[in-house]
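Subject: A structure for you to look at

Hi,

Here is the structure I promised to pass on.

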Amino acid sequence: MVDFAGWDMPVQYTGVVAEHEAVRTAAGLFDVSHMGEIEFRGDGALESANALITNDLGRAANGQAVYAGLLNHQGGFVDDVVAYRFSPEHVLLCVNASNREKDFAWMTENTPRVRPVNRSDDFAQLAIQGPRAASIVQALTDLPLESIATYRFHEGTVAGVPCIVSRTGYTGEDGFELYCPPDRAEHLWNALLEAGRTAGLVPAGLGARDTLRTEMKYALYGNDIDDAHTPLEAGLGWIVKWDKGEFVGRPALAAQKSVGVQRKLVGFEMREPGIPRHGYAIGKDGQPVGEVTSGTQGPTVKRAIGIGYVPTALAAEGTPLEIDIRGRPVRAQVVKTPFKR
Amino acid sequence: MAENPKNVRYTKDHEWARRDGGGVVVGVTAHAQEALGDVVYVELPKVGDAVTAGSPFGVVESTKAVSELFAPISGKVTKVNTALADEPSIINTDPYGAGWIVEVEPSDPSQLDALMDADGYNELLAKTAT
């Protein structure tokens, strides 16, 4: 167990690689109850939440979620969030565990109208991910899951437990994130494991969650994105909807867009033995040019892969780089992402 | 967990050392591989490199962590387990056998006697278990 933002979290149950492979080929079950939930309710809820994030809840349907940046006035990430639109009067933002209090304070300070409510202690969250996730959950619910598309959600019961059933995840596989009352989470966990046993469902920990998301180049807050990096630098321009109107951070972001970004978050593969790790220097012709933000041996792609910021001129696919691994420059190359296809 | 064999000596850093003819074979313990998790990369010294007891001589990496290897004894590397380059996971599956890491020609074979025996190592593990 490790301490993760004050939560006791298992890094692994049986082994990172076995859990990773189970998610890619069958299904894995993650307890991600540490994630925070912040709610906007009442007249003007949608406008208020929308004024804080880069993506556009206005063009989403009820029952649809969007991935978005919550930015500071410099355009850097206060957090990355998934915003759920229940209705124009009800929006729920799922935020990172370590940012719960910071996000809540920021939203409270910057909301144009409706004040947010921190509901983090009212929800547990289980993520069931993998190609067999849907059939496993379907055995426990009357909701017609085939009608819930990616980034859509429904409220219903799973194994008798009232849940928000969201077709979202952080692994690159199909699957669901289930938000439920904390006192029912253990029952839901056991029911899912039981229902999925013959299909190969296994409990999965933080370690597999990290290798799975790294193979997809999904950003991890605090590693790949933070207060000092913008969505444009992080390759997340698609979560910025310029035609939605004002949002916090927009002027700074627009200024950066007009002059062009100076650095970009790229994916690279090692071309010599060695594994890139968070914090290692990225070099070019012997000069330090950036830093690795995430890296691992990818269990599915079977290569040592990494993510990091480099000057825009070095961000093109195929660009050779060097990663400083314990004082030794090891050859790497910028590649197309996601690493896993 | 696998039993810790009687015929090897142990360090507090969870390496083992076994006399084999004139040489000493070195690896990491069952406890070490379990704590590391799936080993995905091993950085080995070269044959002929000098190693010093208590000092790093290589690196083992799992999906989740990077750990230095500390030499149980001083001497010169005479063999490295090249099979680890293609299949580092044998450290997980057979830490005291096929998962050996290097063989060292000891400069002072009596250094082995200063290391823990299996009973001493089991005691250490029991004490550090939470």
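**Chain B: strands and sheets**

B:Arg19 stands opposite B:Val24 in S3(B). That pair belongs to strand S2 (residues 15–20) and strand S3 (residues 23–28) of chain B, which pair in the antiparallel sense over 6 bridges. Helices (H or I, at least four residues) and strands (E, at least two) are DSSP runs, numbered from the N terminus, and two strands pair if DSSP finds at least two bridges between them.

Before going further, a word on conventions: this is a predicted model, in which local features need pLDDT of at least 70 and side-chain atom pairs count only at pLDDT 80 or more, while totals for chains, interfaces and linings use all residues. Residues are numbered from 1 along each chain as its sequence is written, and chains are lettered from A and ligands numbered from 1 in the order in which they are written.

The model scores ipTM 0.83 and pTM 0.93. For chain B the average pLDDT (the predictor's confidence in each residue, from 0 to 100) is 94, and 98% of the residues score at least 70.

Back to the strands. In chain B, 6 of them form an open antiparallel sheet in the order S1-S2-S3-S9-S8-S5. Strand S1 (9–10) and strand S5 (50–51) of chain B are at its edges; each has a single partner strand, so one side of each lacks a neighbour in the sheet.

Strand S4 (residues 39–43) of chain B is mostly covered, with 4 of its 5 residues buried. Here a residue is buried if 20 or more other C-beta atoms lie within 10 Å of its own, exposed if 12 or fewer, and partly exposed in between, with C-beta atoms placed from the backbone. S4(B) pairs with strand S6 (residues 56–62) of chain B in the antiparallel sense over 4 bridges, and B:Glu43 stands opposite B:Val59 in S6(B). S6(B) also pairs with strand S7 (residues 66–70) of chain B, antiparallel again and over 5 bridges. There B:Val59 stands opposite B:Glu68 in S7(B). S6(B) and S7(B) form a hairpin with 3 residues between them.

Taken as a whole, chain B has 4 helices and 9 strands, running β-β-β-α-β-β-β-β-β-α-α-β-α from the N terminus on. Its radius of gyration (taken over C-alpha atoms) is 13 Å, close to the 14 Å that the globule rule (2.2 Å times the number of residues to the power 0.38) gives for 130 residues, so chain B is as compact as a globular protein of that length. Of the 130 residues of chain B, 44% count as buried.

**Where the chains meet**

In strand S3 of chain A you will find A:Gly28, which is buried, with 32 other C-beta atoms within 10 Å. Beyond its neighbours within four places in sequence, A:Gly28 has contacts that include A:Glu19, A:Ala22 and A:Val23.

Most residues other than glycine have a negative phi, and most peptide bonds are trans. A:Ala159, although not a glycine, has a positive phi of about 55°. A:Ala159 is in the loop between strand S10 (153–158) and strand S11 (161–166) of chain A, and is buried, with 20 other C-beta atoms within 10 Å. A:Asp285 has a positive phi too, near 55°, but counts as exposed, with 9 C-beta neighbours inside 10 Å. Finally, a cis peptide bond joins A:Thr337 and A:Pro338, with omega about 0°; A:Pro338 lies in the segment after strand S19 (328–335) of chain A.

Enjoy exploring it!

Methods. Contact = placed C-beta atoms within 7 Å.
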